[in-house]
Amino acid sequence: MAVGCKPVVVHLCGSRASEYYEGVSAYYASQCFEQVVTHGTFDNRIAMVHMDGSWSFPEDFSTEKKTAARRVDLPEAMQILKDLSPSAVVPHMFCLPGMTTYRALFDALGFPLVGNDAGVMALSTNKAQSRAVVAAGGVRVPEAEILHRGDRPKMEPPFVLKPCNEDNSI
């Protein structure tokens, strides 16, 4: 892939974890991509991670371009990315591997990420751990309890019930 004179920004999306996360990721990435390409400031590229572990690099998010994009394995994907030499990677992945493993991969490759690194994301995806760290730092936090399958809350309503380690309203 030839790279022009504009700085390259790679929009990383997809998921190896589930079709749900793959769809959410592609939607968010497509909305961002469609807006930023109109500015003409950067050479915006797409890198998609698929459920089977393959990667593709479609020209845009149209069904035709996504379907036509050649699938490659991880080593070839890393070579394509190295050749692109991105100035930044914008991760649009919301599954746990996307928020941790793939961010760590790009960090190890020396490609700057937009947003937090893998360690921060690993902590922030676990609400109980995040709460404990924040509380240990002296920040007041609301009452909370961790429930496991079959447990009944000991707290009195009203309260918010959320999964400890899921995002995007699962």
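Which residue's side chain does a polar contact of 2.9 Å join to that of aspartate 43? Arginine 45. A polar contact here is a pair of N or O atoms within 3.5 Å; within protein, one must be able to donate a hydrogen and the other to accept it, and residues adjacent in sequence count only if both atoms are side-chain atoms.

Before going on, note that this is a predicted model, in which local features need pLDDT of at least 70, side-chain atom pairs count only at pLDDT 80 or more, and totals for chains, interfaces and linings use all residues. Residues are numbered from 1 along each chain as its sequence is written, and side-chain values use heavy atoms, with hydrogens and water left out.

**The whole chain**

Show the protein chain as a cartoon. It has seven helices and four strands. These are DSSP runs, numbered from the N terminus: helices are H or I with at least four residues, strands are E with at least two. From the N terminus on, the order is β-α-β-β-α-α-β-α-α-α-α. The C-alpha trace spans about 60 × 30 × 30 Å along its principal axes.

Now colour by burial. Of the 170 residues, 36% are buried. Buried means under 20% relative accessible area, exposed means over 50%, and partly exposed lies in between (1.4 Å probe, protein chains only). Contacts come next, meaning heavy atoms within 4.5 Å. Among contacts between residues at least 6 apart in sequence, 60% join residues at least 24 apart.

**Strand 2**

Return to aspartate 43. This residue lies in strand 2. Aspartate 43 is buried, with a relative accessible area of 17%.

**Helix 1**

Select serine 25, in helix 1 (residues 19-36). Is serine 25 buried or exposed? Serine 25 counts as buried, at 0% relative accessibility. A polar atom of its side chain lies 2.8 Å from the backbone nitrogen of glycine 14. Not counting residues up to four places away in sequence, serine 25 touches Cys13, Gly14, His92, Met93 and Phe94.

**Helix 3**

Move to residues 74-84, which form helix 3. Start at its N-terminal end, which aspartate 73 caps. A side-chain oxygen of aspartate 73 lies 3.1 Å from the backbone nitrogen of glutamate 76.

Next, select the buried residues of helix 3: Ala77, Met78, Ile80, Leu81 and Leu84. Look down the helix axis: these residues fall within an arc of 160 degrees, so they line one face of the helix. The arc is that of the directions from the helix axis to the C-beta atoms. What do the buried residues pack against? Show strand 1 (8-14), strand 2 (43-49), strand 3 (55-56) and helix 5 (101-108). Then turn to the face away from the buried side, which carries the exposed residues Pro75 and Lys82.

Step past the helix to serine 85. Serine 85 sits in the loop between helix 3 and strand 4 (88-91). Its phi is near 50 degrees, a positive value in a residue other than glycine. Serine 85 is partly exposed, at 49% relative accessible area.

**Helix 4**

Pick leucine 96, in helix 4 (residues 96-99). Leaving aside neighbours within four places in sequence, leucine 96 is in contact with Thr101 and Thr125. Leucine 96 and tyrosine 21 are 75 residues apart in sequence and 9.6 Å apart in space, C-alpha to C-alpha.

**Helix 7 and beyond**

Which residue caps the N-terminal end of helix 7? Select asparagine 126. One of its side-chain oxygens lies 3.1 Å from the backbone nitrogen of alanine 128. Within helix 7 is alanine 135. Alanine 135 is partly exposed, with a relative accessible area of 32%. Draw a line from alanine 135 to leucine 147: they are 12 residues apart in sequence and 19 Å apart in space, C-alpha to C-alpha. Helix 7 is followed by glycine 138, whose phi is positive, near 95 degrees.

Go on to proline 158, in the segment after helix 7 (127-136). A cis peptide bond joins proline 157 and proline 158, with omega about 5 degrees.

**The last stop**

Finish at the largest pocket. It is lined by 18 residues, of which Ala144, Glu145, Ile146, Val160 and Lys162 lie nearest its centre. A pocket, on a 1 Å grid over the protein atoms alone, is an open set of points where a 1.4 Å probe fits, with protein on both sides within 12 Å along at least five of seven lines; lining residues have an atom within 4 Å of a point.
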